[in-house]
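Here is a short report on one protein chain. Look over the sequence and the structure, then read on.

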Amino acid sequence: MSARATRMAMAVVLALTVAGCGAGDDRASDGRGTGAVTVFAAASLTESFRRIGKDFEAANPGSTVTLNVAGSSTLANQINQGAPADVFASAAPANMATVTEAGNADGTPTVFARNQLVVAVPRGNPAGVTGLADLSRSGVKVALCATQVPCGAAARTALDAAGVALTPVTLEQDVKSALAKVKLGEVDAALVYRTDVRAASGDVTAVEFPESARAVNDYPIVALKDAPNPAGARAFVAYVRSAPAQAVLAEAGFQAP
């Protein structure tokens, strides 16, 4: 075989080898966000990010978005313990800082939405709750998020601003769990986000209170340093900040950053 023929044969073998490696990697990205993207998102983002994930897949053929939703503090701990994830969307900067300070963020987090607390009560509001002061009345059972969870920290800020002291009957690890206590009739009220009540499809009612303006939560998002699909992670973060995704968040009741 001539030297030229030998070089051509080697080039063909190399091309086939590279093609074979790419075909076997289901997390590969072509730079436009294709491939599998795993998003760790605060529980209050559940409904919005499900829709945004589907829209992202439609805009990026070949992509699949998998959501892991929980309390932001739980997600931050999972990430710092090495859980495989591409993107982290937190319900508060403090929980995001847990990840960035551990060196697990790829770049600087960006605030993409804001959220505000309301008092969630069962339909008909049988306990007659009209504001935070009513939550401290004798016999009124209240659910709060634990203080390490963003909705719990915000609730504590609002209660302190109103000068209201109360002892909740339960402290939940995410906002959806606190809301579920109201839906099930286990409590008379819970401090949750406005967006969660809107997503509850009429099972609960929101009672607004002025002190919630003192406890508005910023929602930051970031691609993660050890993301299995770094290009997909960056594409998803960019999509969340795009006009279509922002419209989904606004429809859910989130405020613009």
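The crossing of helix α2 and helix α8 is right-handed. Keep in mind that this is a predicted model. Two packed helices are described by the angle between their axes and the distance between the axes. For α2 (residues 46–59) and α8 (residues 230–240), the angle is about 115°. Their axes lie 11 Å apart.

Which residues make this contact? From α2 come Phe49, Ile52, Gly53, Asp55, Phe56 and Ala59. From α8 come Gly232, Ala235, Phe236, Tyr239 and Val240. Sorted by class, the contact of α2 with α8 holds eight nonpolar residues, two polar residues and one charged residue.

Is α8 largely enclosed or open? Eight of its eleven residues are buried, so α8 is largely enclosed by the rest of the structure. The buried residues of α8 are Ala231, Gly232, Ala233, Ala235, Phe236, Val237, Tyr239 and Val240.

Is Arg51 buried or partly exposed? Its relative accessible area is 41%. Buried would need under 20%, and exposed over 50%. Arg51 is therefore partly exposed. Leaving aside neighbours within four places in sequence, Arg51 is in contact with Val248 and Glu251. Arg51 and Leu249 are 198 residues apart along the chain, and their C-alpha atoms are separated by 9.6 Å.

**A second pair**

Helix α3 (residues 72–80) packs with helix α4 (residues 93–101). The table sets out both pairs.

| Helix pair | Angle between axes | Distance between axes |
|---|---|---|
| α2 and α8 | about 115° | 11 Å |
| α3 and α4 | about 5° | 9 Å |

How does α3 run relative to α4? An angle under 35 degrees counts as roughly parallel. The angle here is about 5°. That makes α3 roughly parallel to α4.

In α3, the residues that meet α4 are Ser72, Ser73, Ala76, Ile79 and Asn80. Their partners in α4 are Asn95, Thr98 and Val99. By class, the contact of α3 with α4 has three nonpolar residues, five polar residues and no charged residues.

Val99 lies in α4. Its relative accessibility is 0%, so Val99 counts as buried. Setting aside neighbours within four places in sequence, Val99 is in contact with Ala76, Ile79, Asn80, Phe88, Asn104, Ala105 and Leu224. How far apart in space are Val99 and Leu224? From C-alpha to C-alpha, the distance is 8.9 Å. Along the sequence, Val99 and Leu224 are 125 residues apart.

**A loop residue**

Asn125 sits in the loop between β5 (117–122) and β6 (142–145).

**The whole chain**

How many helices and strands does the protein chain have? The count is nine helices and ten strands. The chain has 257 residues, and 47% of them are buried. The chain exposes about 11,800 Å². Carbon and sulfur atoms supply 53% of that area.

Contacts also link separate parts of the sequence.

Technical notes:
Residues numbered from 1 in each chain as written. Predicted model: local features only at pLDDT ≥ 70, side-chain atom pairs only at ≥ 80, totals over all residues. Heavy atoms only, no water. Helix = DSSP H or I, 4+ residues; strand = E, 2+ residues; numbered from the N terminus. Buried < 20%, exposed > 50% of the residue type's maximum accessible area, 1.4 Å probe, protein only. Areas by Shrake-Rupley, 256 points an atom, 1.4 Å probe, with all protein chains shown as cover. Axes fitted to C-alpha atoms, helices over the stretch in contact; angles between N-to-C directions. Left-handed = near helix turned anticlockwise from the far one by under 90°. Contact = heavy atoms within 4.5 Å. Nonpolar A, V, L, I, M, F, W, Y, C, P; charged D, E, K, R; others polar. Parallel < 35°, antiparallel > 145°, perpendicular 65-115°, else oblique.
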